[in-house]
Amino acid sequence: MRLHRNLCFSVIDGLTLIFNEGNYADKVIQQLLKRDKRWGSRDRAFVAETTYDIVRWKRLYAEIAEVKEPFDRDNLWRMFAVWATLKGIKLPDWTYFEHTPTRKIKGKFDELSKIRKYKESIPDWMDELGEKELGKAVWTKEISALNEQADVILRVNTLKTTKEKLQEELFDQEIETDFLPDYPNALKLKERANVFQTEQFKNGMFEVQDASSQLVAEFLNVQPGMRVVDACAGAGGKTLHIASLMENKGQIIALDIYENKLHELKRRAKRNGAFNIETRGIDSTKVIKKLYDKADRVLIDAPCSGLGVLRRNPDAKWKLQPDFIEKIKGTQQEILQQYSKMVKVGGQLVYATCSVLPSENQKQVDTFLASESGKNFTFVQDKKVLAHKSGFDGFYMALLERNA
C-alpha cells in the first residue's frame, strides 16, 4: 500500500479533533469524508478505518511511540508511523517519518502485548473493573472481541420487503450479504459498503442495526394491536423494529428526554412506513404518570456505560470515566422504579442495556425485584450476550411480568 499525503493529513487532522478537542469519532469521520469530492471509495475507507484504528489502539501506540497527551501533530505522526509499521506498510521518505525506529517498534509491540491493558489498549480502571465484574478469563476474551472491527448488519424492514427480496436487490448493486441463523430479520454484509446511498435504504427497506440489538424487540413478545411504550426510544432503532413486528397495528408510544432524537425518529418512521408510532418528549413526570397501568409492553433500553458497543464506538474507551458508571447505575434504577409503573397487570417489561457489566444488568434487575415497586413483578428470563461468544455487540436483556 502506498501512503498518499492528503489522506494521511486528513487522518492527523481527525485525530487532533478526537484526542485533543474531545469530538466524537463518528462525527469527525463524517466531516473528513466530505473533504474532497474526488476521493473514491478506497480513499474514504482508508481515512475512516485508519482513524478508527488509531483511536482504538491509542494507548498501545502512544506507549510504543513514547508520546503523552495532549498530543501535538509531531506526536500524532509518530503514532501514525507505529500504526503503519505494525501493518507492514512502507513509510515514504517524508520529514514526519525521519528516524522512525522500525525494529524497536516491533520489539516494543511484542513486549507490551504480554500486558492486557496495553495489548487491548484500555485505561487501567476499565481493565480492573472488567476483571472484577466478569472474572479474568471472561474479561480477557471479551475485551479482545470488543476491539475487533464490527460487521455491518442490516435489519430488514418487513413492513416493506422480505429478507430474500432485499438480498437479491442489493446483490444486483454488487452488495453481497449473508443470512444469520437465529436472527430472523438480519443480513450481514460480506464486505463494507456505503449502504446509505442505495435506493433500498432511501425507500426504508432496511436500517443498519447490530444483530445483538435486533434481539431486544423480539424479546419483548409484542403482538399486533398491543399498546407498547418504548420508554428510552432515542432515535428509534428498536422502536422501528417493534413497529414492523406489530405489522403497523396497535400503538407504540416512543418517549425520550431529548426532543432532537425524537425528531430523527419521526423522520425514520416516515421512511420506514411505520405509522403506529407516537412520539412524546419527557419534559416532566406527568408524561410518565399519564401512562401508569396502561401498557401491554414496556421497553426500557436504559442509558448505560456502552461497554458492549466499544467495537463501533472505540473512542468511548477514552471518554468514559468510572464516576459516570456509578452515576448511570443510579439513573438506571430510578428509571426502572418509575417507568415500570406504566405496565398494566398481566403486561411485560424488558430492561435492556448495551453493557456487559453485571452491576448494570442482572444486579439492577435483582435490586428492582427486591424493592417496593418490583414486588408485583416476576422474573421470566434474561439473556446475556457477550461479544466473544456471539461475534456481535455485548448486550443484556431481562423480561419481567407484572402479576398484580
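This is a short tour of selected residues in a predicted model, to be followed in the viewer one selection at a time.

**Stop 1: the annotated positions**

**Stop 2: Asp256**

Centre the view on Asp256, which belongs to strand 6, residues 251-256. Is Asp256 buried or exposed? Its relative accessibility is 8%, and it counts as buried because the cut-off for that class is under 20%.

Now display what surrounds it. With neighbours within four places in sequence set aside, the contacts of Asp256 include Ala231, Cys232, Ala233 and Gly234. Lys261 and Leu262 also touch Asp256, as do Arg280, Gly281 and Ile282.

A polar atom of the Asp256 side chain is 2.9 Å from the backbone nitrogen of Tyr258.

**Stop 3: Asp283**

Move to Asp283, in the loop that runs between strand 7 (277-281) and helix 15 (285-289). Asp283 has a relative accessible area of 69% and is therefore exposed, the cut-off being over 50%.

**Stop 4: Glu69 and Pro70**

Select Glu69 and Pro70 and show the backbone between them. The peptide bond joining Glu69 and Pro70 is cis, with omega at about -5°. To place Pro70, look in the loop between helix 4 (58-65) and helix 5 (73-86).

**Stop 5: two glutamates with positive phi**

Which loop holds Glu174? Glu174 sits between helix 10 (163-172) and strand 2 (177-179). Although Glu174 is not a glycine, its phi is positive, about 65°. With 75% relative accessibility, Glu174 counts as exposed.

Go on to Glu247, in the loop between helix 13 (237-245) and strand 6. Glu247 is not a glycine either, and its phi is positive at about 55°. Its relative accessibility is 45%, and Glu247 counts as partly exposed.

**Stop 6: Thr51**

Finish at Thr51 in helix 3, residues 41-56. How much relative accessible area does Thr51 have? The value is 0%, so Thr51 is buried.

Show the residues around Thr51. Not counting residues up to four places away in sequence, Thr51 touches Val11, Leu15, Ile18, Ile29, Leu32 and Phe46.

Conventions
Residues numbered from 1 in each chain as written. Predicted model: local features only at pLDDT ≥ 70, side-chain atom pairs only at ≥ 80, totals over all residues. Heavy atoms only, no water. Helix = DSSP H or I, 4+ residues; strand = E, 2+ residues; numbered from the N terminus. Buried < 20%, exposed > 50% of the residue type's maximum accessible area, 1.4 Å probe, protein only. Contact = heavy atoms within 4.5 Å. Polar contact = N/O pair within 3.5 Å; in protein donor to acceptor, adjacent residues only side chain to side chain.
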